[in-house]
Amino acid sequence: MTVRHETITVETRRREETIDITPRVKAAVTRAKVRDGIVAVSVAHTTAAVFVNENADPDVQYAHAEGNGPAHIKAVLVGNSVTLTIRNGAIELGTWQGLYFAELDGPRERTATITVIGD
Amino acid sequence: MTVRHETITVETRRREETIDITPRVKAAVTRAKVRDGIVAVSVAHTTAAVFVNENADPDVQYAHAEGNGPAHIKAVLVGNSVTLTIRNGAIELGTWQGLYFAELDGPRERTATITVIGD
Amino acid sequence: MTVRHETITVETRRREETIDITPRVKAAVTRAKVRDGIVAVSVAHTTAAVFVNENADPDVQYAHAEGNGPAHIKAVLVGNSVTLTIRNGAIELGTWQGLYFAELDGPRERTATITVIGD
């Protein structure tokens with residue numbers, strides 16, 4: 001069994017922003033050479049989050065960050081980690097799905113950790 | 001260590017609906033013959049979700065889908081994957097807990113992926 | 001590969017309350033002697049949840065439990081499990097991050113399960 005970590009840096013430019021990190025997570029999975037397993041992506045920040053959803057429509061991405069609740073609450077509701085299946089060497093994502101980093105109190109330099117575990 | 005995937009099909013019949021997939025996930029865990037580990041259940045859709053909660057009261061299940069936000073936002077808030085413990089060959093679920101598939105923009109034919117990892 | 005479970009008991013004293021379980025989860029990871037892997041923390045209750053966020057400001061912790069929605073809905077939105085990376089024998093948590101148990105319908109005696117998987 002393999003366990004492999006990578007930390008990526010995400011440079012945000014606005015107070016609230018979502019950034020597509022799908023290509024970087026896919027690349028980390030490829031480098032881990034794991035055919036079957038899972039990948040966990042997490043953020044070590046209290047005002048940032050990660051989520052899986054549509055990559056075609058920016059409005060959809062931003063809507064979750066609207067309103068007047070504080071960034072911490074948004075981070076709790078969106079969540080700070082996602083776990084996805086790796087099958088035949090690829091992340092199991094739907095046609096319209098992407099993996100997004102949500103900045104909720106930027107701009108800042110942020111990091112996300114990608115952990116791949118499997119065979 | 002074993003890594004085993006199964007994909008199940010979920011046929012939804014309404015615009016918003018929750019469907020109990022607990023028996024099917026339990027059966028997948030039994031087939032994987034894993035005594036100790038974890039099981040990750042995820043959906044590869046941007047307007048569907050999975051969650052763990054009560055299976056006794058349908059009203060509870062539907063309430064999360066009320067309101068006027070779009071299905072994408074609901075999917076982000078509810079989440080597209082859950083991770084549960086497998087202990088002594090069984091999923092660690094509370095007496096009142098079940099695993100539910102949430103349709104947020106149906107009816108459609110949907111799928112969910114079950115990945116078991118452990119010994 | 002190691003898979004190790006621990007169940008901890010959480011005694012809540014109020015109807016809505018968050019309890020810092022970070023030290024207990026860290027201790028469980030140390031006892032598991034896993035250097036690289038993941039840890040999944042989950043609750044087997046339908047009106048309790050776990051989340052990762054700030055440990056410095058109690059107001060932040062309680063805010064997510066405000067409003068008039070029922071405890072079940074809050075539990076679904078906050079989520080019943082979190083998955084974190086274990087790297088070099090330690091849980092990868094940010095400076096301001098802690099792991100919290102959220103009581104949403106207490107007071108009660110609750111449990112949480114910690115599963116460590118890795119090498």
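N88(A) is exposed because its relative accessible area is 52%, exposed meaning over 50%, buried under 20% and partly exposed in between (1.4 Å probe, protein chains only). N88(A) sits in the loop between strand 5 (81-87) and strand 6 (90-91) of chain A, strands being DSSP runs of E of at least two residues, numbered from the N terminus. Its phi is near 55°, a positive value in a residue other than glycine. In chain C, N88(C) likewise has phi near 55° and counts as exposed at 53% relative accessibility.

This is a predicted model, in which local features need pLDDT of at least 70, side-chain atom pairs count only at pLDDT 80 or more, and totals for chains, interfaces and linings use all residues. Residues are numbered from 1 along each chain as its sequence is written, chains are lettered from A and ligands numbered from 1 in the order in which they are written, and side-chain values use heavy atoms, leaving out hydrogens and water.

The peptide bond from G106(A) to P107(A) is cis, with omega near -5°. P107(A) belongs to the loop between strand 7 (97-103) and strand 8 (109-118) of chain A.

V10(B), in strand 1 (residues 2-11) of chain B, is buried, with a relative accessible area of 3%. Its contacts (heavy atoms within 4.5 Å) include I19(B), F101(B) and R108(B), not counting residues up to four places away in sequence.

Terms used
Helix = DSSP H or I, 4+ residues; strand = E, 2+ residues; numbered from the N terminus.
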